[in-house]
Structures are given as C-alpha cells and as structure tokens.
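Trainee: I would like to learn how to read the features of a structure like this one. Could we take them in turn, with the general idea before each case?

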Amino acid sequence: MLPFRRALRHLAALLLATVVATVPAATAHAASGTAAAPGTGWNDYACKPSAAHPRPVVLIHGTFGNSVDNWLTLAPYLESRGYCVFSLDYGQLPGVPVFNGLGPIDKSAGQLSAFVDKVLAATGAAKADLVGHSQGGMMPRYYLKFLGGAAKVNALVGVAPDSHGTTLSGLTHLLPYFPGASDLLSEATPGLADQIAGSAFLTRLNAGGDTVPGVHYTVIATQYDEVATPWRTQYLTGSDVHNVLLQDLCPLDLSEHVAVGTIDRIAFHEVANALDPAHATATTCASVFS
C-alpha cells in the first residue's frame, strides 16, 4: 500500500509541476500582498469610465496566478488606452499564499460575482467587460450562466481558456492507471480537478451550449499551447462568438500558454479589438509595436 500511495502522490506532484512550470514566478510585490496594483487606473476605485470606454474591464487571472503577476503588462496596456482596469484574486486555498485559482471553480465564480458588483457600484457603470487568461477565461462562464452574470457583462474575452477542459498535453490520460489519483487531486486542489476534460464541473458548464445570449464572446488561442490542450477545444460556439488563432494573424507568433496571456502584444491588440470592436484595427505581426 505504501508504494501505491507514493505513486499517487508522485502523479499528483507531476500534474502540479507541469502547470507550475508554465507559470512565471510571483513578483516580490505579489508576495507582499495583492490588495493594490501599481498604476493609476488599475484597481483605482475612483476611476470613472469615459464616453469612449464606458465599461470597466475586469481581469481574471489563471491557475496559480494572482491579481498582480498575471497582469503586469496587459493592465498598463489597457490603462494607457483609457480603460478603468480592475483585477481580483480568487480560488485561494488555506495556507497557500500568492498562488490562487486552486479552489472549487463554482466558488471562484461566486467571488467573481461579488467583485463585479463592487466594480460596477464604484464606477457607476451598468455593465463590465471581462478578460481572463486560462482558467480565468473559462470560470466566468459559470458566473454568466448560473449566477446572473449575463445581465452585468457585455463581453468575455478568453485568452487561452480551457473552455472544455484540458488534457495537459495528454498527462491526464494517465489518471485511470492510478486508482485514487483523481480523488487525491480533488481533495488537494479542486480547481485543478475541475479543469480536467470530462469533469463533472465542465459537463454541467457546457451542457446545453457553451455560451449564453446577450454576451459577446472572443477566444484568443495559440496553436503552441501546451496547457489548455488540445488547443482547438478552447473555441466556443454560438452566434456571437469570435474565435481567433494568433498564428492566423501573425505566423511568426510562437507564444505558448503563459506568454499569450502575459506578454504577447499581438494578443493584447486583439483583446483591445474585442473590447472596442467599433474601432478595431487589423492585428498583424506589426501589432507587437502598437
């Protein structure tokens, strides 16, 4: 029994390590607390949306991320373009600092709901736009579908979202060979277990369709994604969905899962287009300079 339990723990550690290895180290600022983010307009509750950008933008980090380190580049990018930008922490586990997005995803969606209400109350806006990376692009759909979020959200932009779950480049296919491994993951990190393709959470989330009326959806994917796999499962379906593959816009873009959500300015340009489609401009390889 002891060798078997060690094998289970080894598999769980391997799954964790695969994801952690793709997440940049948290900054010293994040380690000291994520209540405030640098830059006027980012988590500045005195910010009032302009006529040009009438909705606040809520940024939703990915698994193992937090409200600061995931957005050190995109938040200032949007702020400089005149948006009121806000970011939250969600999915915290007791005794685990900095690395969030590990708790049950339905509970995380409840945290998002409360945060959007807070932002709308502070800004006076009727609706918000949501931009999420990885789990942060998938989790909000629970809020939209089951928690009344569709009435408060104009658009959801998912950057490398695991919309229909992930196989972690096939690694999750090993779970059936280790009886009890799934239970171990569910107990230790329910947020990870919920994201495995075929999970009960994802089955409920996507039953009857993966979008809801009244919300504009954009998915930005990279074919080099090694975390939200297979990458085509990131796409959504529906009459108001815009699925984008970065390599169709710029064949030279080699960004993988983390880079596409944290530093890829071609992806950022497409995010800006999704937030303001009336003034969208062509996204090309030259967008890295915009």
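Mentor: Let us begin with burial: a residue is called buried under 20% relative accessible area, exposed over 50%, and partly exposed in between, using a 1.4 Å probe and protein chains only. By that scale Cys-285, with a relative accessible area of 27%, is partly exposed, whereas Cys-250, at 2%, is buried. Please keep in mind that this is a predicted model, in which local features need pLDDT of at least 70 and side-chain atom pairs count only at pLDDT 80 or more, while totals for chains, interfaces and linings use all residues. Residues are numbered from 1 along each chain as its sequence is written, and side-chain values use heavy atoms, with hydrogens and water left out.

Trainee: What share of the residues of the protein count as buried?

Mentor: Of its 290 residues, 54% count as buried.

Trainee: How many disulfides are there, and which cysteines do they join?

Mentor: A disulfide is a pair of cysteine sulfur atoms within 2.5 Å, and by this rule the count comes to 2. In one of them, Cys-250 and Cys-285 have their sulfur atoms 2.0 Å apart, and with 100° about the S-S bond this link is right-handed. Cys-250 lies in the loop between helix H10 (246–249) and helix H11 (257–262), and Cys-285 in the segment after helix H12 (265–275), so the pair ties together parts that are 35 residues apart in sequence. Helices (H or I, at least four residues) and strands (E, at least two) are DSSP runs, numbered from the N terminus.

Mentor: Another disulfide joins Cys-47 to Cys-84, with 2.0 Å from S to S, and at -80° about the S-S bond it is left-handed. Here Cys-47 sits in the loop between helix H2 (28–31) and strand E1 (57–60), and Cys-84 in the loop between helix H3 (74–79) and strand E2 (85–88), 37 residues apart. Both of these cysteines, Cys-47 and Cys-84, are buried.

Trainee: Which residues of the largest nonpolar core touch the most other members?

Mentor: In soluble globular proteins, nonpolar side chains tend to be buried together. A nonpolar core is a set of buried Ala, Val, Leu, Ile, Met, Phe, Trp, Tyr and Cys residues joined through side-chain atoms within 4.5 Å. In the largest core, which has 32 residues, those touching the most other members are Val-58, Ile-60, Leu-112, Leu-130, Tyr-143 and Leu-144. The largest share of this core, 7 residues, comes from H4. A second, separate core of 26 residues includes Trp-42, Leu-246, Cys-250 and Ala-274.

Trainee: How many salt bridges does a search of the whole structure find?

Mentor: A salt bridge is a side-chain nitrogen of Lys or Arg within 4 Å of a carboxyl oxygen of Asp or Glu, and the search finds 3. One of them brings together the side chains of Arg-55 and Asp-129, at 3.0 Å from N to O. Arg-55 lies in the loop between H2 and E1 and Asp-129 in strand E3, so the pair ties together parts that are 74 residues apart in sequence. Within this pair Arg-55 is partly exposed at 23% relative accessibility, while Asp-129 is buried, with a relative accessible area of 2%.

Trainee: Where do Lys-152 and Asp-117 lie?

Mentor: Their side chains, those of Lys-152 and Asp-117, meet in a salt bridge of 2.8 Å, N to O. Lys-152 is found in the loop between H6 and E4 and Asp-117 in helix H4, so this bridge ties together parts that are 35 residues apart in sequence.
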